[in-house]
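Please read this briefing alongside the model. It starts with the ligand shells and then turns to the fold.

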Amino acid sequence: MRAPILVPTVLRNIAKKPATNLFPKREPVPVPEDFRGKLEYNVDKCVGCRMCVTVCPAGVFVYLPDIRKVALWTARCVFCKQCVDVCPTGALQMSDEFLLASYDNWEPFIPLGEEKIEDIRKKLEEQKKAKEKAKKA
Ligand code: SF4
Ligand code: SF4
């Protein structure tokens, strides 16, 4: 008969505070330094080197050759941080965000948006023209 052996343990634990955080009733506990949360991408810093595409084991990055940038499927990320380590310009960073569940299948995608793409195209075109002008001079 094992029940009497368990009784003192049960009674002791009834009086104790819960060992876990009561999320979502309370705020989540603070994350430690160097926590690997949701990936953040700064498109303006990206130089289109494709190092992230090469090292990512999860196929998160889609290279967009016409504008020399990447789009990201962050839902595929396994938080290994290899892309952050290899990115030469600091365009990729791991954030503290870890509440990533969503009902929207498209939400975890970081697209650039038509306006941004048009902006980048214009800048590339201007750079190309400036180079050609410099060559002629
Ligand atoms: S490694 Fe960095 S700079 Fe290179 S394509 Fe990826 S995000 Fe852009
Ligand atoms: S952290 Fe790892 S899995 Fe996530 S995007 Fe970067 S390389 Fe890919």
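Ala, Val, Leu, Ile, Met, Phe, Trp, Tyr, Cys and Pro count as nonpolar, Asp, Glu, Lys and Arg as charged, and the others, Gly among them, as polar. This is a predicted model, in which local features need pLDDT of at least 70, side-chain atom pairs count only at pLDDT 80 or more, and totals for chains, interfaces and linings use all residues. Residues are numbered from 1 along each chain as its sequence is written, while chains are lettered from A and ligands numbered from 1 in the order in which they are written.

**Ligand shells**

- A residue is near a ligand if its C-beta atom, placed from the backbone, lies within 6 Å of it.
- Ligand 1 has 13 residues around it, and Cys46, Cys49, Met51, Cys52 and Cys87 come nearest.
- The shell of ligand 1 holds 10 nonpolar, 2 polar and 1 charged residues.
- Ligand 2 has 13 residues around it, and Cys56, Val60, Cys77, Cys80 and Cys83 come nearest.
- The shell of ligand 2 holds 11 nonpolar, 1 polar and 1 charged residues.

**Overall fold**

- The protein has 4 helices and 5 strands. Helices (H or I, at least four residues) and strands (E, at least two) are DSSP runs, numbered from the N terminus.
- Along the sequence, the pattern is α-β-α-β-β-α-β-β-α.
- The radius of gyration, taken over C-alpha atoms, is compared with a globule rule of 2.2 Å times the number of residues to the power 0.38. The protein's value is 24 Å, well over the 14 Å that the rule gives for 137 residues, so the protein is more spread out than a compact globule.
- The C-alpha trace spans about 95 × 25 × 25 Å along its principal axes.

**Burial**

- A residue is buried if 20 or more other C-beta atoms lie within 10 Å of its own, exposed if 12 or fewer, and partly exposed in between, with C-beta atoms placed from the backbone.
- Buried residues make up 12% of the 137 residues.
- Arg76 counts as partly exposed because it has 14 C-beta neighbours inside 10 Å.
- Arg76 is found in the loop between β3 and α3 (82–86).

- Two strands pair if DSSP finds at least two bridges between them.
- Strand β2 (residues 61–64) runs antiparallel to β3, and 4 bridges join them.
- Tyr63 stands opposite Val70 in β3.
- The hairpin has 4 residues between its strands, and Arg68 takes a positive phi near 55 degrees there.
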